Amino acid sequence: MAQWPLMVTYIMLIGWISVTKNPIPRWMLIFLHAYLAASIVTFLRSKFVKILIYLFVYILFLVEITLEELYGMKIMPNVLILMIETNARESKEFLESMVSKPSFWIIPFYLVIALTITISLEKNRQKICDYVIHKIPTKYIKACSIILLIGGCVFSYSYYKLFSCKEVNEVDEWYSHMSNPDDQLTKLILSIYDIKLGEDEMKKSILMAEHIKTYNQPNSHDSITIVLVIGESYIREHASIYGYPLNTTPFLSKEKNEGRLFVFNNMISPYNQTTGVIRNLISCNSIGDGEHWSSHPPFTAIYKKSGYYVSIMDNQKDFGFKALYSYSLNTYLYNPSMVKNCYNRVNDSTFEYDGQLIDYYNRVSTNKQRKQLVLFHIMGQHTEFEYRYPKEFSIFSVDSLSFRKDTWLTNEMREIIAHYDNATRYNDYVFEKISNLFCNDNSVIVYLSDHGEEVYDYRENYGRDAWGMGNDLKQTIRWQYMVPFFVWCSDKYKAKNPDIVKQIEKATEHPGMLDNVCQILFHLSKLNTPYYNASRDMLSPKYHCPKRIINDKINSDSIINSK
Ligand SMILES: [Zn+2]
């Protein structure tokens, strides 16, 4: 086998991460992979193919090492989606944050070492080969290789099991079994397959939106504006209405005191990633009752079919990336069939700051609609926080954080926290702008964040874990999964619906999860629809909180209530 330096490089760069656990089957599989790569080059006798394989191996290695060293993540479907979903603006910010990390320089260091090994192996190929053959008889090398190859073929059965998975959840299950391979190539294949399955689920959901059932009489208000604001990465405990020491929510606090705002204290998000949350939020499924989002229609389609004028104003929408990657969240929301069945109006521009999106909506929504549903999906407090608010909202600084006594907090960390708090303060202003648009109407606004975040709150970390599960589940849930949630009612709405207002007041302490928010919206708008389910509606006396399952497997309440 003349291509043995390629095999060694392959095993060194692709296999190294896989073989630390369950080494025997994984070594055999990696050996088989490397042997196949070398055989392709030998068979085709093409230098070009050889360079391509080397390039591929090095790219996979660099991606894995960057994720691992800088972010504690690995190649996984969610990370792949995260990379692809990240729009041009975020990519620039991501690269900036990557280079600024002190551990960044380890990557070129590893690269130089790996390249040195590969080049010296290739250069001295014959010399080393002669030396090894001199030391170890060829028959032993051959016997050893055959054993490894047979083992590799046997353990390749795990790939058959992978491709037998019919649902995204099954793929997760497959991966959690330690006997299956864990190298970068396998993870890449798994991710692509997983995303493909996700795409099929999306198609199913689109079909749901096309076939909405309605009652003859959608018994509802004569005129109503119902608004859902989907915030982003909002840490509940950084809002002064939830007890944060800095005044990050002056408007919300005022509205609460004046009786228009109702703050919910026990709301949890099913995931800590936007895509997972929004699919389950928009769909009428209930995760705790074992229902998959793709088997239930989006509530936007139900409203549209019931005669509502539905607008979606999405500051995270990015047209450029949509065409390239058909499986991202944007395509679920903006697939041509979804647009036709779910909305009457979609924004065609995005803005640097969320406030500008609200101004844009105000400009385009000149004709008043009798019944309307308006969705705002904002950038909120998405990383990097300093880019989420205009200069005039630089209200908090390092000095404002004197109440944080943790000795491990550096000035740089305090600066990042201050940026986060300024973004939260700006978010309060954005909410004020939205409520100003509708304060004279019969209107109600539901505000929630897709998930939480961490910004040096209890450990030296900011951002979210890729799988959302740090070592301390309780803390992870507290910061990344518990979300702010509030309902704002205009004076007109309050006067017209005193009974509903009482129900809202009562519900603020109930435990709830974001996947069932559509039931609250149906209740608030008195929409008579076959998709309404009182037992999942937090405002109903019949409410019974379904199991609050996060990340598809963890019962959050058993963690929250544990000691
Ligand atoms: Zn998000």
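A residue is called buried if 20 or more other C-beta atoms lie within 10 Å of its own, exposed if 12 or fewer do, and partly exposed in between, with C-beta atoms placed from the backbone. The structure is a predicted model, in which local features need pLDDT of at least 70, side-chain atom pairs count only at pLDDT 80 or more, and totals for chains, interfaces and linings use all residues. Residues are numbered from 1 along each chain as its sequence is written.

View 1. Helices (H or I, at least four residues) and strands (E, at least two) are DSSP runs numbered from the N terminus.

View 2. Strands pair if DSSP finds at least two bridges between them. An open sheet of 7 strands has the order E2-E8-E7-E1-E6-E4-E5, with mixed pairing. Strand E2 (261–264) and strand E5 (345–346) are at the edges with a single partner strand each, so one side of each has no neighbour in the sheet. Strand E1 (residues 224–231) runs parallel to E6 and is joined to it by 7 bridges; Leu-228 stands opposite Leu-375 in E6. Strand E4 (residues 309–314) also runs parallel to E6, through 6 bridges, and Val-310 stands opposite Leu-373 in E6.

**View 3. Helix H23 against the sheet.** Helix H23 (residues 517–524) lies across E1 and strand E7 (443–449), and runs at about 170° to E7. Axes are lines fitted to C-alpha atoms, for helices over the stretch in contact, and angles run from 0 to 180 degrees between N-to-C directions.

**View 4. The packing of helices H2 and H3.** Helix H2 (residues 23–44) and helix H3 (residues 47–71) pack at an angle of about 165°, with their axes 8 Å apart. H2 and H3 are therefore roughly antiparallel (angles over 145 degrees; under 35 is roughly parallel, 65 to 115 roughly perpendicular, and the rest oblique). Ala-37, Ile-40, Val-41 and Leu-44 of H2 and Val-49, Lys-50 and Ile-53 of H3 make the contact (C-beta atoms, placed from the backbone, within 7 Å). These contact residues divide into 6 nonpolar, no polar and 1 charged. Ala, Val, Leu, Ile, Met, Phe, Trp, Tyr, Cys and Pro count as nonpolar, Asp, Glu, Lys and Arg as charged, and the others, Gly among them, as polar.

**View 5. Helix H20 and its cover.** In helix H20 (residues 473–481), the buried residues are Thr-476, Ile-477, Trp-479, Gln-480 and Tyr-481. Their cover includes strand E3 (267–268), strand E10 (549–550) and helix H24 (556–560).

**View 6. Tyr-334 in helix H16.** Tyr-334 belongs to helix H16 (residues 329–334). With 19 other C-beta atoms within 10 Å, Tyr-334 is partly exposed. Tyr-334 and Val-346 are 12 residues apart in sequence, and their C-alpha atoms are 8.8 Å apart in space.

Methods. Two residues are in contact if their C-beta atoms, placed from the backbone, lie within 7 Å.
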